[in-house]
Amino acid sequence: MKKYNFNAGPSKLPAEVMEAVSKACIDFEGTGIGLMEMSHRAKNFQPVIDEATALFKELLNIPKGYSVLFLGGGASMQFCMVPFNFLEKKAAYLNTGVWAKKAMNEAKLFGETVEVASSADKSFNYIPKNFTIPGDADYFHITSNNTIYGTEIREDIDSPVPLVADMSSDIFSRPVDVSKYVLIYGGAQKNLSMAGVTFVIVKDDALGKVSRRIPGMLDYRSHVQAGSMYNTPPTVPIYCALQTLKWIKKEGGVVEMQRRAQEKANLLYGEIERNKCFVPTITDASDRSLMNVCFVMAPEYKNQEADFLNFATEKGMVGIKGHRSVGGFRASIYNAVTVDDVKALVSTMQEFEKTH
Ligand SMILES: *Cc1c(COP(=O)(O)O)cnc(C)c1O
């Protein structure tokens with residue numbers, strides 16, 4: 001049976017990306033050697049990382065003076081690398097959920113950490129507004145898309161201090177004005193690649209400003225100088241990211257990804273609002289994520305949550321169970337998820353409504 005993959009991460013990748021990666025793993029570009037068993041210093045791997053970096057910069061229109069890095073350690077490693085490299089006295093954080101909080105907690109190990117605003121009072125179901133960012137903070141950290149709760153900061157905000165963003169789950173879903181940030185990072189396994197690689201976009205001249213000593217592996221400058229080859233980089237995930245970047249370019253770039261994201265999100269939120277069995281968890285439409293669509297059963301249908309999950313599973317829907325901390329349902333509709341995939345979920349919801 002056809003499966004519709006709404007996994008939150010690792011998540012759906014375009015079929016042609018998976019085919020290209022599978023082939024390369026076994027025989028890399030006709031060399032007779034598999035990508036998995038090849039040196040990262042081999043002369044035919046260097047073009048992979050070079051092309052991935054160049055496409056990354058091209059697709060996001062990254063200005064001069066920024067480096068793109070492919071690292072290990074996940075987005076979670078960035079939670080400590082950011083304060084290690086940027087926090088001299090004080091850092092400011094916007095608390096919009098589990099990941100934002102984890103990032104903030106790591107910063108506390110390095111200096112004063114200010115929670116500028118939080119949406120914890122309402123289970124993180126909105127984006128705080130009208131907060132004041134302290135002008136003396138070394139940086140302000142945001143999580144642009146809250147994967148677990150389904151809220152998103154969909155534009156590039158103005159910050160009086162250097163802006164840092166965790167864009168793990170919305171990178172390449174819209175154009176980004178990179179010049180507004182000193183650093184953007186994310187785990188690639190949501191919208192870019194398989195698990196195992198973390199991307200970092202960093203403004204070169206923002207580095208080297210803290211007085212503490214930084215271990216080589218945790219110092220962005222080591223990785224910038226070595227072109228992401230300070231140690232052995234995750235070669236297969238980087239190759240996978242390259243295939244996705246090529247696919248994004250071929251499909252029309254981030255402007256087209258944004259158009260599709262809007263179309264898919266409109267379809268799904270529209271159905272959640274129309275269907276008497278369901279309600280959205282995020283009520284303010286402007287705070288809703290275009291990537292992770294969260295919903296629960298309407299109060300009269302509360303006891304049918306397991307029924308809907310079974311019904312949807314029988315129809316081929318995969319990964320729609322909400323995060324364990326939120327419950328209900330979450331459909332992640334990243335770039336590789338098609339309008340037809342979303343229509344299949346919408347039909348399933350309509351059928352459930354008719355028969356229950
Ligand atoms: C998934 C996720 C993370 C954690 O990523 P890891 O690569 O598992 O460390 C961090 N932030 C956000 C917004 C995420 O969605």
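Predicted model: local features only at pLDDT ≥ 70, side-chain atom pairs only at ≥ 80, totals over all residues.
Me: How much of the chain is buried?

Reply: Of the 356 residues of the chain, 57% count as buried.

Me: How is an aromatic pair read, and how many are found in the whole structure?

Reply: In general, two aromatic rings are described by the distance of their centres and the angle of their planes. Rings of Phe, Tyr and Trp (its six-membered ring) pair if their centres lie within 6.5 Å, and planes under 30 degrees apart count as stacked, over 60 as edge-to-face and the rest as tilted. A search of the whole structure finds 19 aromatic pairs. One of them joins Phe28 and Tyr239, an edge-to-face pair with 5.6 Å centre to centre and 70° between the planes. Phe28 lies in the loop between helix 1 (15-26) and helix 2 (46-59), and Tyr239 in helix 6 (residues 235-251), so this pair ties together parts that are 211 residues apart in sequence. Phe28 is buried, with a relative accessible area of 0%.

Me: Which parts of the chain does the pair of Phe308 and Phe329 link?

Reply: Phe308 and Phe329 form an edge-to-face pair, with 5.1 Å centre to centre and 90° between the planes. Phe308 belongs to helix 8 (residues 305-314) and Phe329 to strand 14 (residues 329-332), so that the pair links distant parts of the chain, 21 residues apart. Both Phe308 and Phe329 are buried. Ring pairs also link Phe278, Phe295, Phe308, Phe311, Phe329 and Phe352 into a cluster.

Me: How are helices and strands defined, and how many does the chain have?

Reply: Helices (H or I, at least four residues) and strands (E, at least two) are DSSP runs, numbered from the N terminus. The secondary structure of the chain comes to nine helices and 14 strands.

Me: Where do the domains lie, and how many residues of each are in contact?

Reply: Domain bounds come from an automatic or database domain assignment, which here gives domain 1 (15-251) and domain 2 (253-355). The C-alpha centres of domain 1 and domain 2 lie 27 Å apart. Where contact means heavy atoms within 4.5 Å, 26 residues of domain 1 are in contact with 27 residues of domain 2.

Me: Which residues have a positive phi although they are not glycines, and are they buried or exposed?

Reply: Asn61, in the loop between helix 2 and strand 2 (66-71), has a positive phi of about 50° and is exposed, with a relative accessible area of 64%. Phe172, in the loop between strand 8 (163-166) and strand 9, has a positive phi of about 65°, and at 0% relative accessibility Phe172 counts as buried.

Me: Where is a cis peptide bond found?

Reply: A cis peptide bond joins Gly9 and Pro10, with omega about -5°, and Pro10 is found in the loop between strand 1 (4-5) and helix 1.

Definitions and conventions:
Residues numbered from 1 in each chain as written. Heavy atoms only, no water. Buried < 20%, exposed > 50% of the residue type's maximum accessible area, 1.4 Å probe, protein only.
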